Amino acid sequence: MTTNTTAATTDTLTPRPAAIEVHDVHKWFGGRPVLDGVNLTVPPGTVTVVLGRSGSGKSTLLRVINHLEKPEAGYVSVGGEPIGVRRHGGRLKELSERAILAQRGRIGFVFQNFNLFPHLTVLDNVAAAPVATGRLPRDEAEDLARELLERVGLGDRTGAYPRQLSGGQQQRVAIARALALRPGVILFDEPTSALDPELVGEVLSVIKELATGGTTLVIVTHEIGFAREVADEVVFLHDGRVVEQGPPELVLDRPAHPRTREFLSKVL
Ligand code: ADP
Ligand code: MG
């Protein structure tokens, strides 16, 4: 396995080449291991698809990468910087809340249920974070939001409220919102699972476009055809462990592990 480290620049608006490294991460809930020694290296600009049955720890893994959960052991680094900890005389020391927020600002997160602000227009949903974090003045944030909404095919819906949109449109707004912080990494947690089948394609095609654009993506999904098309690497998680990983043509077409075979026979 290769390790990619990239020096952070001081310009917070420049998208950084980023890599994720998950190093021997253990996470427990209620006396039960949910992540049981997970190792994962995601090179910059690549797409990793995470598969696994319900309860295997996929969401917890994304939440640990994004600082929403703190592992009991091990650590995660994004863009070469350890998340939640810093090196201090050879040891790892906890980061301040402020530093954690700064790190989280470099990672976009797209949830299964969109999580848009219901009381804000589509434009404001996308413009809010760059303004709130002081990265852009409001007029520039709105220009950026219009540009991003255009990119996800919603340039004509900037004044709408989330409840006026379909699920597929709401998820595309959520993707534009994640892009507004110009993250080096975007994590997707089952981005199409809450959608009616006819709306899945429009969201996957937006993600596919990002995949070719050089952003590092980690996508939890059960859409195997999509995984085959976009993934550089497929990771199969079972009971909190990575039991199989590799290029899609290996993991999806010639899985070695019985659990992967069983899973694929059910979802395909
Ligand atoms: P997946 O996304 O693969 O379905 P999750 O990461 O959501 O799996 O959950 C893995 C296991 O951890 C499940 O058994 C779940 O019930 C448990 N779990 C997740 N989050 C919590 C939590 N905050 N408190 C207690 N148990 C949790
Ligand atoms: Mg989940």
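Angles under 35 degrees count as roughly parallel, over 145 as roughly antiparallel, 65 to 115 as roughly perpendicular and the rest as oblique. The views below show a predicted model, in which local features need pLDDT of at least 70 and side-chain atom pairs count only at pLDDT 80 or more, while totals for chains, interfaces and linings use all residues. Residues are numbered from 1 along each chain as its sequence is written, and chains are lettered from A and ligands numbered from 1 in the order in which they are written.

**View 1. Helices α5 and α6.** Helices and strands are DSSP runs (H or I, at least four residues, for helices; E, at least two, for strands), numbered from the N terminus. Helix α5 (residues 167-179) and helix α6 (residues 197-212) have axes that come within 8 Å and cross at roughly 15 degrees. Axes are lines fitted to C-alpha atoms, for helices over the stretch in contact, and angles run from 0 to 180 degrees between N-to-C directions. α5 and α6 are therefore roughly parallel to each other. On the α5 side, G167, G168, Q171, R172 and I175 meet L199, E202, V203 and V206 of α6; two residues are in contact if their C-beta atoms, placed from the backbone, lie within 7 Å. By class, this contact of α5 with α6 has four nonpolar, three polar and two charged residues. Here Ala, Val, Leu, Ile, Met, Phe, Trp, Tyr, Cys and Pro count as nonpolar, Asp, Glu, Lys and Arg as charged, and the others, Gly among them, as polar.

**View 2. Helices α3 and α5.** Helix α3 (residues 122-132) packs with α5 at an angle of about 25 degrees, their axes being 8 Å apart. That makes α3 roughly parallel to α5. V122, N125, V126 and A129 of α3 make the contact with V173, A176 and R177 of α5. Five nonpolar residues, one polar and one charged form the contact of α3 with α5.

**View 3. The shell around ligand 1.** Around ligand 1 lie F29, G30, V34, G52, S54, G55, S56, G57, K58, S59 and T60, each with its C-beta atom, placed from the backbone, within 6 Å of the ligand. Helix α1 (residues 58-65) gives the most to this shell, with three residues. The shell has two nonpolar, eight polar and one charged residues.

**View 4. Confidence along the protein.** The mean pLDDT (the predictor's confidence in each residue, from 0 to 100) of the protein is 89. Confidence is lowest in strand β6 (residues 85-88), at a mean of 61, and highest in strand β11 (residues 233-238), at 98. For the complex, the predictor gives an ipTM of 0.98 and a pTM of 0.89.
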